[in-house]
Amino acid sequence: MILLMKKEHGNRKISHESRLSKLSAEEGLIDSIHEINKPRFDPDLLMPQLESNGLTAISLFSGGGGLDLGFLRAGYQHIASYELILICKDTLTTNLESTNIYCGPDEGDVRK
């Protein structure tokens, strides 16, 4: 259990540092090592929006929100997304256009 928690903390730190480096490269403050990823995928081309099926869904451990987006496109009403990694909030907010997104160790912890 302790080893798993240490690994999780290490992954969050690496993810956070990577995000800060990307933002600095986008602003021209540092040289970019790689080409900066600019998403070009339009989910409407692959997943047409279906009519509401009257069902609702919440997402636990949402990550970038791929499953959340799939359920939305399949006609489910999105209630909320929960994710421990704080920087996922930007991606989830952009992809889902929802206000019920809870991220970080406090609000994203499903045990609370």
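Trainee: In what order do the elements of the protein run from the N terminus on?

Mentor: They run α-α-β-α-β-α-β. Helices (H or I, at least four residues) and strands (E, at least two) are DSSP runs, numbered from the N terminus. Here that comes to four helices and three strands. Please keep in mind that this is a predicted model, where local features need pLDDT of at least 70, side-chain atom pairs count only at pLDDT 80 or more, and totals for chains, interfaces and linings use all residues. Residues are numbered from 1 along each chain as its sequence is written, and side-chain values use heavy atoms, with hydrogens and water left out.

Trainee: Thanks! What order do the strands have in the sheet?

Mentor: Start with pairing: two strands pair if DSSP finds at least two bridges between them. In this structure, an open sheet of three strands has the order β1-β2-β3, with parallel pairing. At its edges are β1 (56–60) and β3 (101–103), each pairing on one side only. From one strand to the next, the twist averages 10°.

Trainee: How many bridges join β2 to β3?

Mentor: Three bridges join these parallel strands. As an example, Glu-83 has Cys-103 in β3 as its bridge partner.

Trainee: Which strands does helix α4 lie across?

Mentor: For angles, axes are lines fitted to C-alpha atoms, for helices over the stretch in contact, and the angles run from 0 to 180 degrees between N-to-C directions. Contact means heavy atoms within 4.5 Å. Helix α4 (residues 88–96) lies across β2 and β3, and runs at about 170° to β3.

Trainee: Where is Gly-63 found, and which residues is Gly-63 in contact with, leaving aside its neighbours within four places in sequence?

Mentor: Look in the loop between β1 and α3 (66–73). With those neighbours left aside, Gly-63 touches Glu-83, Cys-88 and Leu-92. Gly-63 is also 7.6 Å from Ile-85, C-alpha to C-alpha, although 22 residues separate the two in sequence.

Trainee: Is Ile-79 buried, partly exposed or exposed?

Mentor: Buried means under 20% relative accessible area, exposed over 50%, and partly exposed in between (1.4 Å probe, protein chains only). Ile-79, which lies in strand β2 (residues 77–83), has a relative accessible area of 34% and is therefore partly exposed.

Trainee: And what share of the 112 residues is buried?

Mentor: Buried residues make up 21% of them.
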